[in-house]
Amino acid sequence: SHTSSPNLKAIYFDRLRNTLWVGTHLGGLDRIRLADNSMTCYRNRAGDNRSLPSDILSDIIPYGRKLIIGSKRGVCLMDPDAKGQDVFRPLLWREGLTYAVSSLCIDARNRLWIATEGRGVWRYDLRSGAVRRFTQKKGKGQLANNYVTDIAVDRQGTVWLATASNAIQQYVEAEDGFRTFGEAEGLEGDCVYATAPSSLHD
């Protein structure tokens with residue numbers, strides 16, 4: 001089965017459905033059923049906010065039986081078991097999140113973290129609906145860069161951000177702020193594209 005675009009941006013293996021979800025650049029979202037290698041493609045429909053927000057996707061993460069998808073025009077919740085207009089639901093559009101998303105993760109408190117390309121970081125409580133936005137500010141504990149290339153949660157539940165020019169930042173829950181780790185702390189450079197949990201120990 002060929003994907004809708006050769007430019008792949010995100011891949012998620014859905015064990016529950018034995019399905020591979022592929023987010024592409026300009027080709028939308030591909031659903032590849034591994035049992036028979038059949039494929040369904042989901043695309044943006046202009047003017048329809050109950051479709052995929054954009055055909056340019058950046059990330060796909062699971063949320064229970066559903067998926068959360070990051071795109072060039074915000075975030076949506078997808079229910080793969082639904083039909084018609086109930087498959088996609090936009091998240092945070094009314095709050096103004098309609099621009100490029102680079103990465104997603106969910107922390108231990110069931111909060112969705114949304115990294116963007118130049119518009120800071122959003123945090124959305126999936127239970128209460130509370131929204132918090134972090135933007136670049138000077139000073140200790142502040143977000144160092146609005147362009148966040150990647151965001152991840154480690155095995156201890158700590159949220160880490162990779163930035164375009166201000167290295168790596170750790171969100172410290174007790175301080176409700178960020179700590180920066182860059183060249184001064186031994187990092188090779190301050191432009192970081194990705195971060196992920198390690199199996200190594202001190």
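Predicted model: local features only at pLDDT ≥ 70, side-chain atom pairs only at ≥ 80, totals over all residues.
**Exercise 1.** Determine which parts of the chain are linked by the salt bridge between Asp 176 and Arg 132.

*Solution.* 
1. The closest N and O atoms of Asp 176 and Arg 132 are 3.2 Å apart.
2. Asp 176 lies in the loop between strand S15 (168-172) and strand S16 (177-181), while Arg 132 belongs to strand S12; the two residues are 44 residues apart, and the pair links distant parts of the chain.
3. Asp 176 is partly exposed at 35% relative accessibility, and Arg 132 is partly exposed at 31%.

**Exercise 2.** Give the strand order of the open sheet that contains S12, and identify its edge strands.

*Solution.* 
1. The order is S9-S10-S11-S12, with antiparallel pairing.
2. Strands S9 (101-106) and S12 (131-134) each have a single partner strand, so they stand at the edges and one side of each has no neighbour in the sheet.
3. On average, neighbouring strands of this sheet are turned by 15° against each other, direction ignored.
4. Within the sheet, S10 (residues 111-116) and S11 (residues 121-125) are joined by 5 bridges; Ala 115 has Val 121 in S11 as its bridge partner.

Conventions: Residues numbered from 1 in each chain as written. Heavy atoms only, no water. Pairing = 2+ DSSP bridges. Helix = DSSP H or I, 4+ residues; strand = E, 2+ residues; numbered from the N terminus. Axes fitted to C-alpha atoms, helices over the stretch in contact; angles between N-to-C directions. Salt bridge = Lys/Arg side-chain N within 4 Å of Asp/Glu carboxyl O. Buried < 20%, exposed > 50% of the residue type's maximum accessible area, 1.4 Å probe, protein only.
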